[in-house]
Structure formats: C-alpha cells, structure tokens
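Hi everyone, thanks for coming along. Let me put today's chain up on the screen, and then we'll walk through it together.

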Amino acid sequence: MGESAPTDHLDSSYTQVSCNNIHYRIPQKSLDRIEQSIVIGVLSGSAMRNRRDIIRSTWGYKKNNIFFIVGGKFEDIEREYNRFGDLLWIDKEEVYVTETSVITFKTESFLSIMYERIMKLSDNVSYLFKTDDDSYVNIRALNSHLLNDKSIDYY
C-alpha cells in the first residue's frame, strides 16, 4: 500500500507478520493506561465508524482495554484516532476478498503488537481476545471464564 502516514511519529512502528513488514500506529498513551488483564482487539473496516461508535456506547463503554483494528489510508481515520485513542491502524488496504484479504494481517498484527508492546513489558495483561465489530462481547462473562479458570490457554 505504501506509506500513507509518516513513520517517524511516536506512535508509529513496524511489526513482522507472515514475512511482511507491517507499518502501524497505536497511541502509546492508550497502551500505558491499560490496567485490565484482557486486551480486546476488534476487527473493523476503516469506513465502519458507526459500528465502532455503537461498541463505544454499549459493551465497550469507558473501557480502556479495547482497540479497533483498522487499515486503509491513515488520513481517513486520523481524526477518530486522535479523538478516541482506541485505534490500531495498520498500513494495509481494506480488502476482504480472495487471497488478498487483510483479515489475517490485521489479526496477526494485533496479536504481535500487543505481545511486544504490552505483554512482554508488563505482568498486568494475561490474555488477548480478538472479535469483530458486528459481535457483542459480554465483558463480565469473558472475564469470568478467562480469569477464574486458570486451565484456559485460549477461548
């Protein structure tokens, strides 16, 4: 896709996914505020702002451990990125058909970035959970299952 956002920004970095160097941005100040044991990544298309707003006003209300994983041109989501601080942007075109689908890159990028930027540096986060923007997550049930049953590695 090319460089659609400067790579010299404090929030900007790279991760390796399936032999691809993926440029991304995630607000460092938002990563620093995570206090929960579970970080949730929500796959979302860059044009799906209304779905993200619904999540922010329902099951994701006032949660600082939820990040929406979006691709596309950074300019298209820059205002939302700055306003909410809950976007993980990857520099990949939003394509969802055939073998060029970005879904795998977005999911693997979320896991790789959160592992490197949070889990390796802190004992607070124990789990990473990925969902989609058309799903409802019962946060209380998720916490109960993952945090109370120590035999669960993945859910």
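Let's start in the sheet: strand 2 and strand 5 (residues 87–90) run antiparallel and are joined by 2 bridges. Pairing here takes at least two DSSP bridges between two strands, and strands are DSSP runs of E with at least two residues, helices runs of H or I with at least four, numbered from the N terminus. Across that pair, R25 sits opposite W89 of strand 5.

A quick word on the source: this is a predicted model, where local features need pLDDT of at least 70, side-chain atom pairs count only at pLDDT 80 or more, and totals for chains, interfaces and linings use all residues. Residues are numbered from 1 along each chain as its sequence is written, and side-chain values use heavy atoms, with hydrogens and water left out.

On its other pairing, strand 2 (residues 20–25) meets strand 1 (residues 12–17), antiparallel over 6 bridges. There, S13 has Y24 as its bridge partner. The hairpin leaves 2 residues between the strands, and S18 adopts a positive phi near 50°.

Zooming out, the chain has 5 helices and 6 strands, in the order β-β-α-β-α-β-α-β-α-β-α. Its radius of gyration is 15 Å, close to the 15 Å from the globule rule for 155 residues, so the chain is as compact as a globular protein of that length; the radius is over C-alpha atoms, and the rule is 2.2 Å times the number of residues to the power 0.38.

And how much of the chain is buried? Of the 155 residues, 45% are, with buried meaning under 20% relative accessible area (1.4 Å probe, protein chains only).

Conventions:
Buried < 20%, exposed > 50% of the residue type's maximum accessible area, 1.4 Å probe, protein only.
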